[in-house]
Amino acid sequence: MLLISINARLEKLVSEIKDCLHNKYESVTESLEAYVSNRINEIDSINKEVVDEREHLQNLKKELELRGRELEKKEKDLIAREKSFDKHQEKCKRELLKEKEEIVRQWQQLRDEITRMEELHKVQKGRIRLDVGGTIYTTSELTLTRDSESMLAAMFSGRHNIKAEEDGTIFIDRDGTHFRYILNYLRDGGIATDALPRSRQVLRELRNEAIYFQLHSLAQQIEKLLK
């Protein structure tokens with residue numbers, strides 16, 4: 001009887017243990033399933049956020065690439081406009097310089113014209129008739145006084161009283177043939193070598209006239225030809 005009672009109590013104890021373990025297992029399983037389910041939901045939520053963020057980043061990347069291409073195009077357009085502006089500016093500078101040079105040229109031309117007109121006025125106002133060794137020359141006071149160191153400049157400077165003929169002609173007792181070279185020298189402010197006579201004898205005679213009239217530069221030029 002005692003053995004039966006012990007076995008019965010053991011069976012009851014084992015049954016209670018099994019029930020307890022079963023209940024514990026079910027409780028742990030439910031808790032684990034709930035935990036796993038919550039984690040899965042969190043993972044799904046995180047994955048959704050990652051997907052949304054990735055999509056947002058892709059859209060942002062496309063937008064930045066589009067803006068980058070627009071900026072690159074604007075930069076190219078700006079460079080092209082800058083080059084065009086530089087070319088236009090350089091063209092304007094050349095045109096302005098050309099216009100400035102033209103204005104300077106016209107001003108110089110006007111000044112030269114005024115100078116020539118003033119000289120012409122002086123020539124017309126101070127016309128002088130000369131009889132050089134029987135040859136008549138008509139010239140001006142401006143021409144005769146051009147070389148300030150010459151004898152002719154001294155004669156017609158107004159410092160000396162020069163006697164004129166009844167018709168106003170002033171007589172100079174020198175070679176009238178060579179005097180035309182003297183006048184051309186004074187008129188042009190010098191004389192070209194090829195405008196002088198070729199004959200050495202005539203050159204020597206002309207040198208004497210230049211020395212007489214104290215035209216030192218002309219005399220030196222002739223000296224060089226005679227060497």
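Predicted model: local features only at pLDDT ≥ 70, side-chain atom pairs only at ≥ 80, totals over all residues.

Reader: What share of the residues is buried?

Author: Of the 227 residues in the protein chain, 18% are buried. Buried means under 20% relative accessible area, exposed over 50%, and partly exposed in between (1.4 Å probe, protein chains only).

Reader: And the contacts, what part of them joins residues at least 24 apart?

Author: Among contacts (heavy atoms within 4.5 Å) between residues at least 6 apart in sequence, 58% join residues at least 24 apart.

Reader: Which residues have the most contacts inside the largest nonpolar core?

Author: They are Leu-130, Leu-152, Phe-179, Ile-182, Phe-213, Leu-215 and Leu-218, in a core of 27 residues. A nonpolar core is a set of buried Ala, Val, Leu, Ile, Met, Phe, Trp, Tyr and Cys residues joined through side-chain atoms within 4.5 Å.

Reader: Which elements each supply at least two residues of this core?

Author: Strands E1 (127–132) and E3 (170–172) do, as do helices H3 (151–155), H4 (179–188), H5 (200–212) and H6 (216–226). H4 gives the most, with 6 residues.

Reader: What is Ile-182 in contact with, leaving aside neighbours within four places in sequence?

Author: Ile-182 is in contact with Leu-152, Leu-206, Glu-209, Ala-210, Phe-213, Leu-215 and Leu-218.

Reader: Let us turn to H5. Which of its residues are buried?

Author: In H5, the buried residues are Leu-203, Leu-206, Arg-207, Glu-209 and Ala-210. Seen down the axis of H5, these buried residues fall within an arc of 160°, so they line one face of the helix. The arc is that of the directions from the helix axis to the C-beta atoms. The buried residues of H5 pack against H4 and H6.

Reader: Moving to charges, how many salt bridges are there?

Author: The count is 4, a salt bridge being a side-chain nitrogen of Lys or Arg within 4 Å of a carboxyl oxygen of Asp or Glu.

Reader: Where do Glu-209 and Arg-174 lie?

Author: Glu-209 forms a salt bridge with Arg-174, with the closest N and O atoms 2.9 Å apart. This pair links distant parts of the chain, 35 residues apart: Glu-209 is in helix H5 and Arg-174 is in the loop between E3 and H4. Glu-209 is buried at a relative accessible area of 7%, whereas Arg-174 is partly exposed at 23%.

Reader: What about Lys-76 and Glu-72, where do they lie?

Author: Both lie in helix H1 (residues 2–125), 4 residues apart, about one turn of the helix. Lys-76 is exposed at 53% relative accessibility, and Glu-72 is partly exposed at 41%.

Definitions and conventions:
Residues numbered from 1 in each chain as written. Heavy atoms only, no water.
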